[in-house]
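Subject: Structure handover

Hi,

Here is the structure for you to look over. My notes follow below it.

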Amino acid sequence: MLARTVIAPVPVRQGTILTAFLGFQLLDALTTHLGLQGQHRELNLIMGPVIAFHGELAGYAVKGLAVAVLLAILMLLQHRKPHVWHAYHVAAWVSATAVVANLIQLL
């Protein structure tokens, strides 16, 4: 039986995926802040209670910790499991969807 080889994306593509992931995370935080300042509710079912009970800053701390953990996982797995980049590609699109939802709520 032939072994299936998974090839990691080239570094330029990896950089684009990582930039998109982090950029959309930042835009999500920014649009969330603008929405909360405009008296809108948090749409994220996990972050909503955190922000409601502990404040906006605690929500950003949880989000920052989650992103840091995801980046650590990426750094640890990228060489042994190159397909992890596909998960981050999907995560970037999910983050983009969250930004679009926030923008729609702001309008």
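Which helix gives the most to the lining of the largest cavity? H1 does, with four residues. Bear in mind that this is a predicted model.

**The cavity**

The count comes to one cavity of 30 Å³ or more. About 60 Å³ of space lies in the largest cavity. Its lining is made up of Thr31, Thr32, Gly35, Leu36, His40, Arg41, Glu42, Leu43, Asn102 and Gln105. By class, that lining holds six polar, two charged and two nonpolar residues. Helix H1 (11-37) and helix H4 (84-106) each supply at least two of the lining residues.

**The H1 and H4 pair**

These two helices also pack against each other. The axes of H1 and H4 are 8 Å apart, at an angle of about 25 degrees. Angles under 35 degrees count as roughly parallel, so H1 is roughly parallel to H4. The residues of the H1 contact with H4 divide into 16 nonpolar, eight polar and two charged. The crossing of H1 past H4 is left-handed.

**Confidence**

The chain averages a pLDDT of 86. Of the residues, 92% score at least 70. Confidence is highest in helix H2 (residues 47-54), at a mean of 92. Confidence is lowest in H4, at a mean of 89. Where pLDDT is low, the predicted coordinates should not be read in detail.

To start, open the view on the cavity lining, with Asn102 and Gln105 among its residues. Then turn to the contact of H1 with H4, which has 16 nonpolar residues.

Best wishes

How values were computed
Residues are numbered from 1 along each chain as its sequence is written. This is a predicted model: local features need pLDDT of at least 70, side-chain atom pairs count only at pLDDT 80 or more; totals for chains, interfaces and linings use all residues. Side-chain values use heavy atoms; hydrogens and water are left out. On a 1 Å grid over the protein atoms alone, a cavity is a set of points where a 1.4 Å probe fits but cannot get out, and a pocket is an open set with protein on both sides within 12 Å along at least five of seven lines; lining residues have an atom within 4 Å of a point. Grid points are joined across faces, edges and corners, and a volume is the space filled by probe spheres set on the points. Ala, Val, Leu, Ile, Met, Phe, Trp, Tyr, Cys and Pro count as nonpolar, Asp, Glu, Lys and Arg as charged, and the others, Gly among them, as polar. pLDDT is the predictor's confidence in each residue, from 0 to 100. Axes are lines fitted to C-alpha atoms, for helices over the stretch in contact, and angles run from 0 to 180 degrees between N-to-C directions. Angles under 35 degrees count as roughly parallel, over 145 as roughly antiparallel, 65 to 115 as roughly perpendicular and the rest as oblique. A crossing is left-handed if the near helix is turned anticlockwise from the far one by less than a right angle, and right-handed if clockwise.
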